[in-house]
Amino acid sequence: MQHVGADARVRVNLCVNGESHAVWVEPRTLLCDALRDACGLTGTHVGCEHGVCGACTVLLDGVAVRSCLLFAVQASGAEVWTVEGLADLPQGPALQQAFHEHHALQCGFCTPGVLMSAAELLARNPEVPEEEVVDVLSGHLCRCTGYTSIVQAVQSAAATVRESRGGDTVEPRNSV
Amino acid sequence: MKPSSFDYYRPDNLEEALAALAEHGSDGKVLAGGQSLVPMLNMRLSAPACLIDINGLTELNYLRWSEGWLHIGALTRQRVLELDPHVRQRFPLLAEALPWIGHVQTRNRGTVGGSVVHADPTAELPLCLQALAGVAVLTSAQGQREVPLDSFFLTYMTTDLGPDELLTEVKVPIPATHQGWAFVEFSQRRGDFALVDVACLLQTDHHGRMTDVRLLVGGVDGVPLPLAEAEQLLTGECWGASLQAELQQLVAASVEPEADVHGSAEYKRHLAGVMACRAVQQAYRRAQDRRGVACNT
Amino acid sequence: MGYLGQPLARLEDARLTSGQGRFIDDLRPLPNLHHAAILRSPYAHARIRSIRCDQALALPGVRAVVTGADAARWLKPFPVGVKVAAPYYPIAVDKVRYAGEPVAVVVADSRYTAEDALASIVVEYEPLPVVVDPELALSPEAPRLHEGLDSNLVHQRTFSYGDAARAFTEADVVIRHRFTFPKVHATPLETYGVIAHYQSSEDTYTVWSNFHGPFTLHSVMAAALQVPGNRLRVLVPQDVGGSYGNKSGVYPYMVLMAVVSRLAKVPVKWVEDRQEHLLASSTGTDRVTWIEAGFRRDGTLTGLRMRYIDNVGAYLRAPEPACLYRMHAALTGPYRVRDVEVEALAVVTNKCPTGLIRGYGGPQHCFPLERVMQMAAQELGLDAAEVVRRNLIRACEFPYTTPSGGVYDSGDYEQALARALERIDYAGWRQRQAEARAAGRYLGIGLACVVEPSGSNMGYIALAQTPAERERGLPKSGCAEAASVTVDPTGSVCVRFSTVPTGQGHETVAAQVVADALGIAPAAVRVITGMDSWTQPWTVASGSYSSRFAPIGANAVYRAAHQVREKLLQMAAHALGVPADALELRGGYAQVREQPDRRVSLQRLAGMAHWHPAGLPAGMEPGVSATAFFNLPTAQAPAADDTVNGSVTYGFVADAVLVEVDPETGRVQVLDYVTVHDAGRLLNPLLAEGQIRGGLACGLGQALYEELVYDATGQLLTGSFMDYLCPTSAELPPVQLDHIESPSPLTPLGAKGLGEGNVMSAPAALANAVADALEPLHVVIDKLPLTPAAVWQAIQAAKQRQPVEERVG
Ligand SMILES: Cc1cc2nc3c(=O)[nH]c(=O)nc-3n(C[C@H](O)[C@H](O)[C@H](O)COP(=O)(O)OP(=O)(O)OC[C@H]3O[C@@H](n4cnc5c(N)ncnc54)[C@H](O)[C@@H]3O)c2cc1C
Ligand code: FES
Ligand code: FES
């Protein structure tokens, strides 16, 4: 059984976007903080630290989760994917392009989290109906866009992914 | 908003977890999906001396079907339950309720066990699992006991779970296939905790009279509230306008909600009545449909 | 055809979709950066008896603890436009006046450690009685917040235009009603963040933050820090995670962290968390309005009287009480009425202080005004759309001067309204509404017509002073913005300006402007936003607020780009031996219009200006760079009769919305929403649509979901995103957009702002729709937000008033 004392620091191997980062953290260090401060990956944003806003959403073993509600120690051994690695996912470039074309971002603060949720969604089901897109996006607050353009962008990226299907997508797995 | 420090234990199996709980259970907390616990830690509303992270307990992540029961391992993610085709088929009440829990991103992580132990009085899973006559399986180093959810929830966010116990499973009897069901919820936005939610299960006989009625309402008490009088009122009756009016009044009269920022006590009382009627109507219609009876209510 | 007016996708996007944006929390500009956490008052009103910091200081990793008394040694209270003896410091000095007010700051090696130390600071408070309601705060028995004042009233002025008394005698009916507008929050997804560094050797404060102007506040902050402006260097990163006004106005933490850095002797970083943000950053102003409106039988509005009570929270902070005056020039909205009286009051209460917010002052103003138009229609038995239309300013009346001095530059309000009615199928729905009512369903149609001022005149804020007071001081006017365009020796172009965008896409539009002026591609233009008060060209009016980029900022860029264009043409004329007016700039060349192969590249021209000044026409300066300051002469100081043209351009919005109300639960469902804008010339339709949809989402939130709720003891009950409900994708109804274009005649580009109009219109339109839906039940809608509980309560209240025929719910 792993045990880390409250005041101790522990070395954690975080695998982020396919790269391994050996970082020293406290047990209480949130994954979002470890990504931003220890790994230097500031693309993942922090907007509420209580799980509602969605800005901090990353993929953990292919599944979209709040990185503000996970401790960095918990991600040891898992595969974390952040917006910095989005372009390397099969559905990533289509999403980036669609967000650009549909003006689905303004300040861009919510965007990394939104993109990661969308990435999971398209990996799971590029046939996704509009209601499901809206439902998945309801896990994100955006105060700039009014959402319509985001919904459109995700649908348009889904169409692109459908067209180019045959390439491999990230399999959603449930992590334990 | 950063949590206070804590000792971190990550047991690799149930035995280790139970040993850790026996030793630290009273000043520690179990960490499952973290979707309720970690916000409280971040806000420093809770500052346990240690956390026992059970996410390594793969043996608690299962859906098992046996002899009339569905066994749900405590670590089963809410999302897994939601997407499971057999659950959808055999437990349409759960399938209807699960999408109301938070958002996909929180259900990806949040567990069934965590939701049951957290015991938020508006939470969908405690309400529905109790409606389905679920049983909590509690395990400690001393052994195992089973507590029907009817007596597991004690009061506001408090359960019968001992400090050295782990909820390892929730088991639910598989309902009759001709049962009607409904889960209705009133919340302000998608994904919010409910102001009021209602679970209803019932069957109808060949005269369209209701039998085996189960009606529970959440959000109006410290625990999911079974509405025994209302169940009685409905039993043996056919659904219709006058019964609806009677039910609405009875439900409103039998709850004592507390006001909060989203609604007065009076409003929630009224809402409980309205939502109960909507749930019963829906469940009734489905029961009739399942019996192949056209229903015009 | 040029790039302006095209729906060009943004230059900003690539970095933001790949995690390469640079926001305040991403910066670590200095070594030895320490982290701050703030101890905040649990009481809404209390005297601070003592603060003990020794235990906190003893914790490992803790560098310093700064209290209000420590900080005050280096500070003066923030100056405010109106003189009141209610000193405001960024941290409580001897008394706290709202829950969440800073009491002490811990500086430590990490944010985690700093938060740990907060619990070890021991503060002894003596709780005092609390008042949160602005009307109660005015009563003589109310607890008083500020010792230097003999009441909580911090501002009061009256205004009269025309002859309201006579106008009311001409009215056939007079509608009198009291409306309340809630306290709301802009909640940008990125909270406040500051990095501050005091350099003792130079006695200079350097402050990075996500503040975005107006830079009048630079002077205010420098005054609070007691340094000349050039010893307060303010920097803002390229990316700011939204604001909607929240991060403008007095930004107390910039000053607080500057002093904390001085006392802790290290650079300090502080990033606000969400709870702090909801509790204590800056909020909208809640207002009570008493309105009286006289109408003739045919629906003509004859006169208006309004009494506003603005609740500015615990302190009056600049630019408050300007919420009372943002709409002053447009007091009469889009209507022709000439006789108006206003009484404007501001009171302090034990709530979080207020400040700028998208639509500043607009929603508070439009809600009662638009409600009254509909109430009059109901009272007179007329159609609501007809009453509105009858009173609209006619297209032939522009430019139209309002009684209070606004000069509406252009518009066609009737056409916009007609378009909105047509798009929503107004006539058809009136029919269907009647059928639905017969079937026991409650459908409603709501309208709102609002004048959307943009490009604030700094002078309007001076209305808070009497003409005599204004007479004594330096007059204030103008709306100036600065921009510079530079061509480097390689011929590539950089643009700098100080509008400090927070997501609106200024980089893209500026690139469009420059590309058109210089005949190059937008992507070839490097646009430098953000701010550095030491190097960037700026004015007191700089910043992004009052939708001023389209009417002002873009024009500053235009002017600077055209100065550069002129110079390039002169040089090319000299080089090619043709008159400059025979030339055009196109595709990176200056070429003879009639003979495109006679040309010289920009690269060569730029090279000449930098490498070979001797080859320039006689008398021409080397280099290719221009800085332009753009201002509009219509932005005048208020006149002695208290008229003022508060903004430089005025757009228009006509909204029509269709709702269904479930009377059993009080839930309002928006079935369709049409919004028609007239924002003059659209510089980039794609971005315009984004602004409109974003503004509408905020307006919808304020109408249906959002409110900062306080209990009677001054505790905030909606202190997290679980309780302060911002709409999500699932709450957004279908929205149809439409435009008409009446270009502003005042500016070269003809554009007006459009990002704020729907924040003003949506609450009014939805309130009208809900009132219309529930008309058969005689429900009164005079409060927001229209949450299910509130609507249900309003229905119950109506039933109690008249125990009527119809029973629902
Ligand atoms: C934005 C957001 C919205 C949400 N909306 C809803 C909603 O609408 N409805 C709803 O019901 N929930 C909602 N939740 C909460 C979510 O469903 C949680 O997942 C759930 O309440 C707790 O499950 P968890 O696995 O995350 O448990 P944790 O947060 O890890 O733990 C919760 C509590 O249970 C204890 N615990 C967990 N597992 C065990 C176990 N096996 N044995 C003993 N003790 C245990 C923990 O010690 C802790 O006290 C929301 C959460 C978020 C962040
Ligand atoms: S920061 Fe994690 S959900 Fe808001
Ligand atoms: S783009 Fe600014 S919050 Fe979404």
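Trainee: In what order do the elements of chain A run from the N terminus on?

Mentor: In this predicted model, the secondary structure of chain A comprises five helices and six strands. Read from the N terminus on, the order of these elements is β-β-β-α-β-β-β-α-α-α-α.

Trainee: What is the radius of gyration of chain A, and why is the chain described as being as compact as a globular protein of that length?

Mentor: Chain A has 176 residues, for which the globule rule gives 16 Å. The computed value is close to that figure, so chain A is as compact as a globular protein of that length; its radius of gyration is 16 Å.

Trainee: What percentage of the residues in chain A is buried?

Mentor: A residue counts as buried when its relative accessible area is under 20%. Of the 176 residues in chain A, the buried share is 68%.

Trainee: Is Cys50(B) buried or exposed?

Mentor: The relative accessible area of Cys50(B) is 3%. Because buried means under 20%, Cys50(B) is buried.

Trainee: What distance separates the centres of domain 1 and domain 3 of chain B?

Mentor: Chain B is divided into domain 1 (7-53), domain 2 (58-173) and domain 3 (180-291). Taken over C-alpha atoms, the centres of domain 1 and domain 3 of chain B are separated by 36 Å.

Notes: Residues are numbered from 1 along each chain as its sequence is written. Chains are lettered from A and ligands numbered from 1 in the order in which they are written. This is a predicted model: local features need pLDDT of at least 70, side-chain atom pairs count only at pLDDT 80 or more; totals for chains, interfaces and linings use all residues. Side-chain values use heavy atoms; hydrogens and water are left out. Buried means under 20% relative accessible area, exposed over 50%, partly exposed in between (1.4 Å probe, protein chains only). Domain bounds come from an automatic or database domain assignment. Helices (H or I, at least four residues) and strands (E, at least two) are DSSP runs, numbered from the N terminus. The radius of gyration is taken over C-alpha atoms; the globule rule is 2.2 Å times the number of residues to the power 0.38.
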